[in-house]
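I opened this notebook to record what I looked up in one protein model. The entries run from the whole chain to single residues.

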Amino acid sequence: MKFNFVDYFMKLTANAESPTSYLEWAAYISIAATLRHNVYISVPDIKVKITPNIYVLIVGDSGATRKSLLLLYVSNSYYVLFTRLRFR
């Protein structure tokens, strides 16, 4: 059985007030933060490692959408993965 983190994250945050597009990108941010420099493509000809970097800007009307809640979800999931579960 395959585990789809994005679908799992969307189910966990189904009751959140944020739009689903924000929540989906929050899941991608969580994956990118977890991977960091642990996953890379090595290009031996030019002696470089290509790592998956992701830069996300959540833009919305002031006070109309819940953007700050996403940081809470991402930081909590990251905390659980790396401190409580000892995932390293």
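The entries below follow the order in which I consulted the model.

**Entry 1: the model.** I noted that this is a predicted model, in which local features need pLDDT of at least 70, side-chain atom pairs count only at pLDDT 80 or more, and totals for chains, interfaces and linings use all residues. Residues are numbered from 1 along each chain as its sequence is written, and side-chain values use heavy atoms, with hydrogens and water left out.

**Entry 2: the elements.** I looked up the secondary structure and found three helices and two strands. Helices (H or I, at least four residues) and strands (E, at least two) are DSSP runs, numbered from the N terminus. Along the sequence the pattern reads α-α-β-β-α.

**Entry 3: the whole protein.** I recorded that 19% of the 88 residues count as buried. Buried means under 20% relative accessible area, exposed over 50%, and partly exposed in between, with a 1.4 Å probe and protein chains only. The accessible surface comes to about 7,200 Å², and 59% of that surface belongs to carbon and sulfur atoms. These areas come from the Shrake-Rupley method with a 1.4 Å probe; for residues, only the protein chains shown count as cover. Among contacts (heavy atoms within 4.5 Å) with a separation of 6 or more, 53% join residues 24 or more positions apart.

**Entry 4: H1 against H2.** How do H1 and H2 pack? I read an angle of about 130° and axes 9 Å apart. Axes are lines fitted to C-alpha atoms, for helices over the stretch in contact, and angles run from 0 to 180 degrees between N-to-C directions. H1 and H2 are therefore oblique to each other, since angles under 35 degrees count as roughly parallel, over 145 as roughly antiparallel, 65 to 115 as roughly perpendicular and the rest as oblique. From H1, the contact is made by Phe5, Val6, Phe9 and Met10. The residues of H2 that take part include Leu23, Ala27, Ser30 and Ile31.

**Entry 5: Ser30.** I then turned to Ser30, which is found in helix H2. Is Ser30 buried or exposed? Ser30 counts as buried, because its relative accessibility is 6%. Leaving aside residues up to four places away in sequence, Ser30 touches Phe5, Phe9, Val74 and Ser77.

**Entry 6: Ala16.** Lastly, I located Ala16 in the loop between helix H1 (5-12) and helix H2 (20-35). Ala16 is buried, with a relative accessible area of 16%. From C-alpha to C-alpha, Ala16 and Leu70 are 9.1 Å apart in space, and 54 residues apart in sequence.
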